[in-house]
Amino acid sequence: MGNADEIRAAYEAYVEGDYAAVLSLVDPGFEWTYLEPTSENPEPQVCHGPGELARWMARQSSTGLRTEIVEILGHGDRVMVVTRTPGIEGFRAWSTDDRTYHVLTLRDHRITKLRAFRTRDDALEFATS
């Protein structure tokens with residue numbers, strides 16, 4: 001199974017609410033760079049460890065919003081993921097559509113990094129650099 005396939009399986013588990021399956025793929029040294037949704041011009045914020053991700057997934061789940069996979073593109077150890085979450089724009093201070101753009105980095109079949117981007121072009125550039 002390639003990196004893009006592993007990430008697709010992780011996101012499918014996330015979409016179905018199987019957070020344990022997602023967290024089983026996360027490296028203990030996991031680093032997540034995200035964009036704070038309540039800020040109009042968010043500076044990247046960094047969280048560490050699977051616990052931070054678990055708390056975010058629980059908070060996201062409490063909104064009742066459902067995420068859909070739009071696109072997954074693998075490039076070596078990096079995988080770009082575009083998701084669509086109808087209604088999420090109501091939770092963001094910046095002007096956006098309902099898309100989220102992430103690039104994940106894998107090492108030895110474990111997710112070591114996840115980085116959020118505001119646009120698909122920015123995510124694609126990072127994923128392929």
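## Exposure classes

Partly exposed means a relative accessible area between the buried class, under 20%, and the exposed class, over 50%. The model discussed here is predicted.

His 109 has 49% relative accessibility, so this residue counts as partly exposed. Asp 108 reaches 67% and therefore counts as exposed.

## The loop between strands 5 and 6

Strand 5 covers residues 99-107, and Asp 108 sits in the loop that separates this strand from strand 6. His 109 belongs to the loop between strand 5 and strand 6.

## Lys 113 in strand 6

Strand 6 spans residues 110-117, and Lys 113 is part of this strand. Is Lys 113 buried, partly exposed or exposed? Its relative accessible area is 43%, so Lys 113 is partly exposed.

## Contacts of Lys 113

What does Lys 113 touch, once neighbours within four places in sequence are left aside? The partners are Phe 30, Glu 31, Val 103, Leu 104 and Thr 105. Val 103, Leu 104 and Thr 105 fall in the range of strand 5, residues 99-107.

Phe 30 deserves a separate look. In sequence, Phe 30 and Lys 113 are 83 residues apart. In space, their C-alpha atoms are 5.6 Å apart.

Technical notes: Residues numbered from 1 in each chain as written. Predicted model: local features only at pLDDT ≥ 70, side-chain atom pairs only at ≥ 80, totals over all residues. Heavy atoms only, no water. Helix = DSSP H or I, 4+ residues; strand = E, 2+ residues; numbered from the N terminus. Buried < 20%, exposed > 50% of the residue type's maximum accessible area, 1.4 Å probe, protein only. Contact = heavy atoms within 4.5 Å.
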